[in-house]
Amino acid sequence: DGVVDSEKVKSNNLDVEIPRSALEAEEKGAEEEPPRESDSNILDVSSDYPRDKHISIQRHLADLEKLADLREDEKKPCPLCPEEKFKACYSHKLHRHLQNLHWKVSVEFEGYRMCICHLSCRPVKPNLVGDQTLSKMGAHYHCIICSATIMRRTDMIGHINRHVNKGETESRFITVPAPKSSYEVVKESATDVQVLPNHCTPQKTDSYFNPKMKLNRQLIFCALAVLAGERKPIECLDAFGATGIMGLQWAKHLRSSVKVTINDCNENSVTMIKENCHLNKMKVKLNIKEEDDETVGDGEENSDTIEVTKMDANVIMHLRSFDFIHLDPFGTSVNYLDSAFRNVKNLGIVSLTSTDISSLYAKAQHVALRHYGCNIVRTEYYKELAARAIIAAVTRAAARCNKGIEVLLAVALEHFVLVVVRVLRGPTPADDSAKKIRYLIHCQWCEERVFQKEGNMLEENPYQQLPCDCRGSMPGKTAVLLGPLWSGALFNTGFLRRMLLEAVQYGLDEAQPLLKTLVCEAECTTLKHFSTHSPGDENKQEECGVYIKTPNTSAESYLVHGKRKSEEVLRGTAKRQRAEHSAEHPPFYYNIHRHSIKGMNMPKLNKFLNYLSEAGYRVSRTHFDPMGVRTSAPLAQFKTVLMKYSTPTYVGAQAEGPVHLPGELQVGEGVPAAAVEEAELAEDGKSGVAAAVFTQSYPTHRAAD
């Protein structure tokens with residue numbers, strides 16, 4: 001059949017036709033010289049590749065035809081099919097076979113085609129019928145990067161895309177790195193970083209960069225800028241660098257005030273961090289093992305130094321001490337808390353970003369119990385519940401290292417939960433912080449909540465601590481025990497005000513509205529009463545033992561003639577300042593839509609805040625929920641005020657106004673909402689429509705929960 005002068009040999013598990021003369025020449029040359037490249041008639045298609053390249057990977061169709069050695073007067077077999085599947089044929093038929101069966105269904109990458117292969121390259125599972133083994137041999141592709149064999153074309157395309165997203169374009173087959181055009185340059189806050197394609201997909205790229213976390217990076221920068229104003233220089237660590245965008249922003253804007261260390265355990269990420277440092281004209285200082293390879297970026301602003309390390313985050317935090325540590329792993333950060341508090345300096349700051357919102361927002365409650373040791377359920381204040389659960393885990397980790405914390409900032413938004421705490425060394429601060437971890441009693445019917453009283457003594461009826469009377473009026477158990485949670489304050493007003501000043505100074509427009517909301521929330525005031533200076537600002541504020549100057553009236557204005565009187569004035573000022581500082585904001589908030597009355601039009605949110613404030617309660621909006629109200633009023637009074645200033649739905653043209661209560665029932669006297677409803681119904685002569693409204697409102701609304 002035209003194959004008499006050739007011998008079939010097996011090389012790399014491939015059955016290939018090689019002329020007998022070539023074999024004899026190769027055997028003679030093997031004794032005199034080292035092994036040559038593959039035979040020119042078979043694999044001498046492209047000199048760019050080493051000899052172990054699979055024959056199914058070619059640049060052009062002509063290269064694939066060379067493998068078959070097409071001749072018009074001879075029959076030739078297909079080099080990519082076994083003889084049992086495709087018998088030898090003449091050139092015109094073999095050409096159509098190679099073009100239609102192998103070349104058209106190939107996968108292209110960097111100018112090369114990975115053609116489909118039908119040879120016995122993949123191991124086949126044993127079959128009961130031995131004759132069907134070869135016929136069951138599936139077609140497959142050979143990966144040009146990792147030499148893997150994949151059966152489906154769509155799977156092969158996805159496999160190549162995963163290599164590209166990880167930056168893995170170098171291998172024993174392709175030695176040319178990815179072209180520079182495949183990188184994207186992203187600019188944020190006057191900082192340029194190179195990222196790979198699909199950089200927004202976590203766990204599929206080494207240069208994960210999420211543009212939606214810009215607000216998170218600005219808040220962390222403001223916190224670091226405030227710390228840099230207290231003492232300098234400070235050593236700060238970005239434990240999970242990825243692209244290095246956060247550490248580059250620190251070094252580029254704060255200059256000599258900070259000594260930045262960017263760490264990542266992935267080698268490709270470390271390489272990209274170094275390239276981004278050179279892109280921003282920064283000097284790169286490698287870790288101790290690579291100090292000889294210190295490199296300097298071009299330009300005039302190359303005096304700033306960024307240290308880049310490649311090690312596990314727990315290891316570097318155990319080995320060195322820092323003033324500022326930021327943790328932003330993929331998911332939860334509880335695995336790094338013990339290391340973070342081990343060597344952090346006194347009055348330093350630890351910030352952590354948690355992105356495992358499915359567990360923190362009570363969608364996967366068993367995961368929250370496993371990671372944070374906290375029992376939570378879905379509530380109307382679930383975002384604040386998540387922040388307090390994280391702070392409780394942080395407090396326990398700090399207490400194990402004989403350190404206490406003060407919460408400076410807690411932000412929970414759609415994509416992340418950010419917590420910033422200041423570290424206080426010593427067993428006394430550790431004990432004080434640990435005492436603020438308590439359980440929460442939550443009513444699942446009306447969503448009233450209260451922290452459990454301090455002490456270890458058991459109570460006969462824990463329901464007595466709840467202000468609501470759902471236990472007596474509803475069947476079954478109505479409350480659940482949540483926690484342990486952080487019961488202290490979530491914000492530090494003085495620190496937030498200084499963060500706002502830093503945001504204004506550096507032009508961080510996205511962070512300024514949020515910081516204003518946080519200041520109002522910390523002081524529990526409305527935004528119209530917001531001012532850049534707190535009402536009781538003096539020349540200095542004391543915060544965790546650190547005295548902070550504020551741009552207010554100098555201390556001379558408080559001095560009067562006489563040493564004794566001046567000391568009394570200053571002492572009274574300090575007492576008044578401590579009293580204002582100790583007035584913490586109320587825990588948790590109420591959603592105005594959750595407690596609205598069916599059949600009634602509730603007032604506008606800002607007007608409702610004024611109504612609560614006029615009733616004598618502290619009130620503010622909250623960043624956790626755009627329709628949330630943080631107030632010192634209990635739930636019964638909250639509903640009473642809401643009902644008083646709501647209008648019936650059937651009065652369409654009537655403006656908003658109060659629903660007049662009887663003279664004996666006034667807001668603020670602790671009257672239950674149910675009693676107010678009954679009194680209104682008794683007083684109203686036309687009780688037909690009103691009775692239908694009130695009898696359907698609460699039962700229907702509660703049953704929906």
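Modeller: Helices and strands here are DSSP runs, numbered from the N terminus. The model is predicted.

Biologist: Does lysine 76 count as buried or exposed, and why?

Modeller: The cut-off for buried is under 20% relative accessible area. Lysine 76 has 16% relative accessibility, so lysine 76 counts as buried.

Biologist: Which residue does the side chain of lysine 76 make a polar contact with?

Modeller: Leaving aside neighbours within four places in sequence, lysine 76 is in contact with Ala68, Asp69, Ala88, Cys89 and Leu94. The polar contact runs from side chain to side chain at 3.4 Å, and the partner is glutamate 74.

Biologist: Which residues of strand β26 are buried on each side?

Modeller: In a regular strand, side chains alternate between the two faces of the sheet. Strand β26 covers residues 628–631, and both of its faces are covered. The buried residues are Gly628 and Arg630 on one side, and Val629 and Thr631 on the other.

Biologist: Which residue is the bridge partner of tyrosine 590 in β26?

Modeller: Strand β23 (residues 590–591) pairs with β26 in the antiparallel sense over 2 bridges. The partner of tyrosine 590 is valine 629.

Biologist: How many residues does the hairpin between β25 and β26 pass through?

Modeller: Strand β25 (residues 619–621) runs antiparallel to β26, with 3 bridges joining them. Serine 620 stands opposite arginine 630 in this pairing. The hairpin joins β25 to β26 through 6 residues.

Key:
Residues numbered from 1 in each chain as written. Predicted model: local features only at pLDDT ≥ 70, side-chain atom pairs only at ≥ 80, totals over all residues. Heavy atoms only, no water. Buried < 20%, exposed > 50% of the residue type's maximum accessible area, 1.4 Å probe, protein only. Polar contact = N/O pair within 3.5 Å; in protein donor to acceptor, adjacent residues only side chain to side chain. Contact = heavy atoms within 4.5 Å. Helix = DSSP H or I, 4+ residues; strand = E, 2+ residues; numbered from the N terminus. Pairing = 2+ DSSP bridges.
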